[in-house]
2 protein chains.
Amino acid sequence: MADETKNDGERPRPETTEAWIGLMRARERVLARIEADFKASGLPPLGWYDVLWELVQAEGGRLRPFEIEARTLLAQYNLSRLIDRLVKEGLVRRETFDADGRGQWVVITEAGRAMRARMWLTYGPSIEAHVGARLTEAEARQLAGLLAKLR
Amino acid sequence: MADETKNDGERPRPETTEAWIGLMRARERVLARIEADFKASGLPPLGWYDVLWELVQAEGGRLRPFEIEARTLLAQYNLSRLIDRLVKEGLVRRETFDADGRGQWVVITEAGRAMRARMWLTYGPSIEAHVGARLTEAEARQLAGLLAKLR
DNA sequence: AACAAGTAGATGCATTTGCATGTATGTAGG
DNA sequence: CCTACATACATGCAAATGCATCTACTTGTT
């Protein structure tokens, strides 16, 4: 059943444009605030969190780079070098992946787990302060639902 | 009157976190698609559009850098160099601002106006395709409204 | 086996960003 | 007027990003 209020045409409707602009601006603003909190706490870049988190979630605390890539939407070449930085900081280590000579494991270290936990101490409250405090529970749920449609 | 469903506490509620993650991911995905369209059309970076648009909107087709900064959320040093690039491409020009020796005008050129229009030919349909087509009119309006709360 | 094509990941190079700081001008207080 | 501080914008340098390409390994075909 076609939804008559959708639009497959070429020119965007005003609501659509506003939603898009709003999306860009909102993420920009909130991100700036969260990053400010991170810097104030002397933490590494926010982007590190996502990788560490995916690794913590993963069974055995390890993932293949291409799996991290899919989960985080990072570009392959960016991830490759981000892993370099994480390795240099001792937060993850690379291990050989025997079943495929092209592959490797990225394994989170204890220091990595500790760092993720430490980052969450800032990140969590920051999310709450800059997002949660501005939305009711229902609104947050609704927002998440609408955003999910854009993937 | 306090809204009991809001949360000033430290730990983010799950809905809040989902909304934030969703915000990051959605903008990432949609942006990637739009930028792909831009590249396919041989257009300059998307970020240029915002500056050109603000200038078109502005009276006399000109603004002070700090005004552009406020409207676009660009960092001062980034804007300074973005203007350099636009000047080099002949899309804007700098003019002296007599009332304040520290200031300057950034004026859009005819080529700049033409480029903005040309970019919109891709940008508009791209927004519609990647945002509009996924939301009903009511949803888009709702989304815009919720995002507005995050500023 | 031999080879074409695909996939995982790394890397050289140019561009862009972030950060700190610099320069010039303006403004307010004594 | 002089000094102190604020504002507007630029810039040197290091780090991150995008892009194209490279290497190494794997898989499917003949």
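User: What makes B:Pro65 part of a helix, and which one?

Analyst: B:Pro65 lies in helix H3 of chain B. Helices are DSSP runs of H or I with at least four residues, numbered from the N terminus. This is a predicted model: local features need pLDDT of at least 70, side-chain atom pairs count only at pLDDT 80 or more, and totals for chains, interfaces and linings use all residues. Residues are numbered from 1 along each chain as its sequence is written, while chains are lettered from A and ligands numbered from 1 in the order in which they are written.

User: Why is B:Pro65 called buried?

Analyst: The label needs 20 or more other C-beta atoms within 10 Å of the residue's own, with C-beta atoms placed from the backbone; 12 or fewer would be exposed, and in between is partly exposed. B:Pro65 has 20 within 10 Å, so B:Pro65 is buried.

User: Which residues does B:Pro65 contact, leaving aside its neighbours within four places in sequence?

Analyst: They are B:Leu79, B:Ser80, B:Ile83, B:Gln104 and B:Val106. Contact means C-beta atoms, placed from the backbone, within 7 Å. For B:Ser80, 15 residues along the chain from B:Pro65, the C-alpha separation is 7.6 Å.

User: How does the surface near DNA strand D divide by class?

Analyst: There are seven nonpolar, six polar and eight charged residues. Ala, Val, Leu, Ile, Met, Phe, Trp, Tyr, Cys and Pro count as nonpolar; Asp, Glu, Lys and Arg as charged; the others, Gly among them, as polar.

User: What about DNA strand C?

Analyst: DNA strand C is surrounded by 22 residues, the closest being A:Pro65, A:Phe66, A:Tyr77, A:Ser80 and B:Gly101. That surface has seven nonpolar, seven polar and eight charged residues.

User: What is the angle between H1 and H5 of chain B, and how far apart are their axes?

Analyst: Helix H1 (residues 14-40) and helix H5 (residues 110-130) of chain B pack at about 145°, axes 10 Å apart. Axes are lines fitted to C-alpha atoms over the stretch in contact, and angles run from 0 to 180 degrees between N-to-C directions. The residues in contact include B:Val30 and B:Ile34 of H1(B) and B:Thr122 of H5(B).

Technical notes. Helix = DSSP H or I, 4+ residues; strand = E, 2+ residues; numbered from the N terminus. Contact = placed C-beta atoms within 7 Å. Near = placed C-beta within 6 Å.
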